[in-house]
Amino acid sequence: MGVEGIGASVVRKEDRRFITGKGRYVDDIKLVGMTHAHFIRSPHAHAKIKSIDTSEAMKMPGVVGVLTGQQVVDDKIGNLICGWAITSKDGTGMKMGAWPAMAPETVRFVGQAVAVVIAETKNQARDAAEAVVVNYEELPAVPDIRAAIAPGAPQLHPEAPGNVIYDWTIGDEAATDAAFKSAANVVSLDITNNRLVPNAMEPRAAIAEYNEPEEHFTLYTTSQNPHVARLVLSAFYNIAQEHKLRVVAPDVGGGFGSKIFIYPEEMVALWASKKVGRPVKWTGDRTEAFLTDAHGRDHLTKAEMAFDKDNKVTGLRVKTYANLGGYMSLFSSSVPTYLYATLLSGQYNIPNIFAEVISVYTNTVPVDAYRGAGRPEASFVVERLMETAARQLKVDPAELRKKNFITQFPHQTPVIMAYDIGDFHASLDAAMKAIDYAGFPARKAKAKSEGKLRGIGISCYIEACGIAPSKAVGSLGAGVGLWESAEVRVNPVGTIEILTGSHSHGQGHETTFCQLIADRLGVPISQVQIVHGDTDKVQFGMGTYGSRSAAVGLTAILKAMEKVEAKAKKIAAHQLEASENDIVIENGEFKVAGTDKSLALPMVALAAYTAHNLPDGMEPGLKEGAFYDPTNFTFPAGAYICEMEVDAGTGKSTFVNFVAADDFGRLINPMIVEGQVHGGLAQGIGQALLEGVVYDSSGQLVTASFMDYTMPRADDLPSFKLSHTTTLCPGNPLGVKGCGEAGAIGASAAVINAITDAIDNNKLEMPATPDRVWHAIHG
Amino acid sequence: MYQTTYHRPSSVDEAASLFAKGSDAKYLAGGHTLIPVMKQRLASPSDVIDLCKIKELVGIEPTGDGIMIKAATTHSDVASSETVQKAIPALAYLASLIGDPAVRHRGTIGGSLANNDPAADYPAAVLACGATVKTNKRSISADDFFKGLFSTALEDGEIITAVSFPVQDKAGYAKFNHPASRFALTGVFVAKTPAGDVRAAATGASQNGVMRVPAIEAALKANWSAAALDNVNISADGLMNDIHGTSDYRANLVKVMAQRAVTAAS
Ligand SMILES: Cc1cc2nc3c(=O)[nH]c(=O)nc-3n(C[C@H](O)[C@H](O)[C@H](O)COP(=O)(O)OP(=O)(O)OC[C@H]3O[C@@H](n4cnc5c(N)ncnc54)[C@H](O)[C@@H]3O)c2cc1C
């Protein structure tokens, strides 16, 4: 592997920039003549806009313009789109209501923008915003799923009767019902998957500039996928043409999914920059992030599992209501369907699965993909059911899982996914060993003698990553293909630039992607530069989410590299008067095998660009591109075990130990992988113990700041013990599976299983706050 | 933030006269409450009068029967003060639990008491120790100082100059953190004077801010031990009820934290 090749824990190249404050984020960019936008947002969850009076605001100092939702409509700006069509069980399409960038008529969540003030300074925009008078007629609000589906509930969108967007099913209902009829035992659970706020460190921001003579726009924005942003902004929103729009996503301070989507604020900044003829900047504050970033999760589920007399699972039946908020965000429809129900088989051989998912509108912020996106919800259902079953059937939870593990690969589940490879026994065994599972009863007894409640919880998760084979997702309703593209440029002096459509916003691509080049060519990573996040520089790309950057993005780089190497070998062979097949690449040299003849990479590169002595007919230059479309998803999987102690007096849960055994396929940089797992676990544990969005009955967001919304902090978390049990992914040449979401997918069930074990009460909702745990103990 | 005029007086008298001149003046200490509220545009004082540079408002001194902490002394200075650690270690411990290091290095005892947040820590110590709040005009006993949520006996423009804590025979503080804000979801300070009097005060629990807890005081006066509180019943009436703690849960915490405070004290 070499010191900087694949498998080496190379220190992150980008961190020097970040930790010395030299990162360049959207808000750091200042353009000449730049103005500032401040949005006027609805204080009501559901209301009609009777009137908007901007006359006073227009007279305020520094005001350049005040724009309203009606002007968005008048300018024929397209409504926000949802990029994945879901078909209901009755064959009808999803019932989507219109979402204009600013509301002309009706507001459907607190924080929805109705107008924007553009002024010379941020403070002037804010001052003038206070002078805009909006008259609302309040309407009854629907703050959650139960309210949305109640008979006679207020209707949000005329297109969606009963507030139902779709009622979708997957699997064989009759066969599953039959499995339940003949079951020896049935286990059932009602599960709430709590709603979360992504809370990236950097709030969303946008700067738009319009060049009038060129009719050209530039948008700097906090995006995980700038090319998709450009595509959507040009193809659907009628603001700019694709070739007249450059989208730049510079350093981005975290996304966790929330920066995949194209939001109204970015659209309005772009549109407004032309209207006012000046660059327009908007930087959201933390309150705006709480109020307008797409939230995650929010399911209500009834789940049942059928067992035969040998405790083998024979069926799984799931009915889930998913809250999509007031409008359908870009990928919202796919998250509770194809990213959720297709993973309900977990790591188990389940012959019959049937799931029904009903997605509904509520007067809340739109809900969309958040780290894990559907897969944490699925894993939580399966792993809570398994644990509940073990308790009900009075068998060891590890044994019950082992009895039902899939052991033959490839394995076709009843819910679309075909698992390519895995070794579930290996990861569970490794985790059990790491936590000394066998010694747990003695530890529990000892804790009991000290007045403490001790519990242990297992979670064996699987996820579908490396998103995604384009043809497959297309057949399921996706509006885009999910391949990735790359270009490898060897410069005339032999340094290398990698242009990738993946986007790094914390993942460490600037290091890991270089490691592939170091591995292939034997050059130091300091010779390699990663270029990403600019549609003018990079040919195209689908961006970063769904743990796809290594499995898809890096494979695309590898494909381009192979082309570069092939050409470079031809050049070297020609110059060294050897056969192309005899050329090997070592330590940055092209060598003729078995001889001492060699040519260093810079000399090969120079030859390619001087073109003085190339093989006949060869084009000059050394630059190749590739598009890579995966043939299957990848399936990272693993086992998490958590041991917790609960203080009966206060209901506070404390970690005794948390172990993880993950199978991510080949690890490019184990240190970075460890960091990804830590972050994911923090978010999974955050969901289990701390985080939870609360709206009150009128649709006001109660948890609208860090004073009320509990973000995990370092001292809320244990010191994790991580390990890896590896099966190489057969689906891509690097054997990688992806590691970005695993922690967030697997952790929460382990935690809840441990606490419910400790308190001997299986009824406990997330977040398991001390208050809830205390009530669960004391009734 | 709206426009405001910042002043940096060097004496208490100068501060008071600047306050009198302003149309809607506010004193500024650590700014950890005032500045966020101004940034959110929920407060718009015409004048901001900084108390932190007034020498006579900073420092900790032993007194005949206890200690005096001057108003602009930071939480961090109280937590690390040998004088406090020796006289009333529970008070130094309490200060060490407030917020995070950034908060403790700016936030002040005077600001905390003037603000009287119902979940703040200091009010529990001040009330349980029977401390005296000194101002530029008078001395106010703890029992008279706290007047409910965010309200105190301070008159408009009155400046807290110091707080005098009488030394205790035994004192302990136990805090259960609010999960998100890390103020007290409920904190209880118990104290026993050399004369054998017992006072207990709970913060974070009541809808009316910091409160004494007579049932706990009575039980501990009879028998200073955690076990003495086993059968004490705390009513949930009038206690706060929110997403982080129902009122019955808080009632339980008052008792459990009192027990832990006693254990810590003895
Ligand atoms: C993130 C965070 C976490 C926190 N956690 C905790 C916690 O765990 N526990 C806790 O108890 N507190 C906590 N606090 C509050 C903090 O510790 C301060 O005590 C509080 O903000 C007030 O003190 P200050 O010096 O900052 O006052 P300022 O914000 O400057 O002033 C507050 C108010 O008091 C007035 N005032 C200030 N000094 C005087 C004076 N000498 N005389 C008269 N009036 C005066 C001001 O005019 C203002 O109205 C936290 C604060 C933050 C921001």
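Reply: Axes here are lines fitted to C-alpha atoms, for helices over the stretch in contact, with angles running from 0 to 180 degrees between N-to-C directions. The model is a predicted one, in which local features need pLDDT of at least 70 and side-chain atom pairs count only at pLDDT 80 or more, while totals for chains, interfaces and linings use all residues. Residues are numbered from 1 along each chain as written, chains are lettered from A and ligands numbered from 1 in written order, and side-chain values use heavy atoms, without hydrogens or water.

In chain A, helix α10 (residues 375–393) packs against helix α19 (residues 742–759) at an angle of about 30 degrees, and their axes are 8 Å apart; elements are DSSP runs numbered from the N terminus, helices (H or I) of at least four residues and strands (E) of at least two. The pair α10(A) and α19(A) is therefore roughly parallel, a term for angles under 35 degrees.

Beyond α19(A), Pro767(A) sits in the loop that leads from α19 to α20 (770–778) of chain A, and the peptide bond from Met766(A) to Pro767(A) is cis, with omega near -10 degrees. Another cis peptide bond, with omega about 0 degrees, joins Phe409(A) to Pro410(A), and Pro410(A) belongs to the loop between α11 (397–404) and β16 (411–412) of chain A. Elsewhere in chain A, Asn163(A), in the loop between α5 (145–149) and β7 (164–171), has a phi near 65 degrees, a positive value in a residue other than glycine.

Among the polar contacts (N or O pairs within 3.5 Å), a polar side-chain atom of Asp121(B) lies 2.7 Å from a ligand nitrogen atom, a backbone N or O atom of Gly99(B) is 3.0 Å from a ligand oxygen atom, and a side-chain N or O atom of Lys175(B) is 3.1 Å from an oxygen atom of the ligand. The ligand taken alone exposes 960 Å², of which the protein buries 90% (Shrake-Rupley, 1.4 Å probe).

How values were computed
A polar contact is a pair of N or O atoms within 3.5 Å; within protein, one must be able to donate a hydrogen and the other to accept it, and residues adjacent in sequence count only if both atoms are side-chain atoms. Angles under 35 degrees count as roughly parallel, over 145 as roughly antiparallel, 65 to 115 as roughly perpendicular and the rest as oblique.
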